[in-house]
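Subject: Handing over a structure

Hello,

Here is the structure for you to take over. Please open it first, then read my notes below.

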Amino acid sequence: MIPQSQQKSWQKSWQNLFSALFSGTRQIFRSAFFYWFGIGLVLTINLAACTSSQPTANTPSPTTSPTASATTQTVRIGYQKSSELAILKSRGDLEKRLNQEGYNVTWNLFQAGPPLLEALNTGNVDFGGTGDLPPIFAQAAGAKITYVASTERNPETQAIIVPKDSPLQQVTDLKGKKVAFVKGSSAHYQLIKSLQEVNLSPDDIEAAPLPPADARIAFEQGKVDVWVVWDPFLAAAESTGNVRILKQSGKRRTYMLASQDFAKTQAPAIKTILEELKTVQAWAISKPREVADLLAPDLGIPVPVTETVVKRQGWTLEPITDELVKTQQTIADTFFELKLIPKKINIKESILTPEEYAKFLPKT
């Protein structure tokens, strides 16, 4: 247990970093939980919220391009605050191009990937970006989604962390310890893989499935021994000087996804979106401070911490390859074997033909 005096010091140092970053997170994760387990009432409430004219912390916050018209088609994009799509929205370049091509743009802000894909599946969003686990859970729940493109994230963007003065030094030391993570997330998958690498199983630890807001509180108060977490939460934790990395993640993937109907019928719009995404990724590589200045106010964390997030993300938009399909299938099979998704899925059912991809993938 961490001494009470150190707990108070930690609490003060985290307060400014997380007050805005975690706003509404607990409710989002609760909504995502109910969605994946098929509770109809919560689905109905969430769908109504997605179309409400007064969005709350639990719902997407829609923003429409200024030239919106009833006579043009609208592209509805779901995004999260620390993503390429967030940068693209702030720059405003996509609206200009799509307006010229006969489209309007509506931006819908989500705090997590699962509710974003819920909105995509129910026709409230056409295109969006998430990590590797949400599309697997969405497909297992019957969502008709399509993998559009992928970005490889660097190992530094996710890690198993412990308090700075913790006696734990390696993954084998996790046996019997209480570990916080988000159930069904990439952090959960990293934890399972890390345990398997040292001949441990999930049964060898005391699992503490918690959303980041609750996990952070439990971690700083010494109620859990270990936290598995990703950026920007990881970078914010590191900036306090009170944590130590036990094991970094391997390289991991995020994905751009679309509804199957949108992917098959609106290739010109997707092509424009991907071209603009490549532009902002190049900007993030060459001018990370400028991107940090743009993102920090929305993230609610200091610019230097945000710059750390930007610099270590990995910004290369890539096509969906057979190798990526195999990787996603491996993750899906693992989660099915652990009974974390309700049925075995075939990732290829969410993949287009080479000819269909060729219609919108930017040339390298």
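First, the ground rules. This is a predicted model, where local features need pLDDT of at least 70, side-chain atom pairs count only at pLDDT 80 or more, and totals for chains, interfaces and linings use all residues. Residues are numbered from 1 along each chain as its sequence is written, and side-chain values use heavy atoms, with hydrogens and water left out.

**Cavity**

The structure has two cavities of 30 Å³ or more. A cavity is a set of points on a 1 Å grid over the protein atoms alone where a 1.4 Å probe fits but cannot get out. Points are joined across faces, edges and corners, and a volume is the space filled by probe spheres set on them.

The second largest cavity has a volume of about 40 Å³. Its lining (residues with an atom within 4 Å of a point) consists of Ser 82, Leu 295, Leu 299, Thr 306, Val 309, Val 310, Gln 313 and Trp 315. Two elements give two or more residues each: helix 13 (288–299) and helix 14 (303–312). Helix 14 gives the most, with three residues. Helices (H or I, at least four residues) and strands (E, at least two) are DSSP runs, numbered from the N terminus.

By class, this lining has five nonpolar, three polar and no charged residues. Nonpolar covers Ala, Val, Leu, Ile, Met, Phe, Trp, Tyr, Cys and Pro; charged covers Asp, Glu, Lys and Arg; the others, Gly among them, are polar.

**Pocket**

A pocket is an open set with protein on both sides within 12 Å along at least five of seven lines. The second largest pocket holds about 360 Å³ of space. Its lining counts 21 residues, and Tyr 189, Lys 193, Gly 250, Lys 251 and Arg 252 lie nearest its centre. Helix 8 provides the largest share, six residues. The classes here are three nonpolar, 10 polar and eight charged.

**Backbone**

Most residues other than glycine have a negative phi, and most peptide bonds are trans. Asp 231 and Pro 232 are joined by a cis peptide bond, with omega about 5 degrees. Pro 232 sits in the loop between strand 9 (226–230) and helix 10 (233–239).

Asn 199 has a positive phi, near 60 degrees. This residue is exposed (over 50% relative accessible area, 1.4 Å probe, protein chains only), at 72%. Lys 339 also has a positive phi, about 60 degrees. Lys 339 is exposed, at 75%.

Best wishes

Note on methods
Buried means under 20% relative accessible area, exposed over 50%, partly exposed in between (1.4 Å probe, protein chains only).
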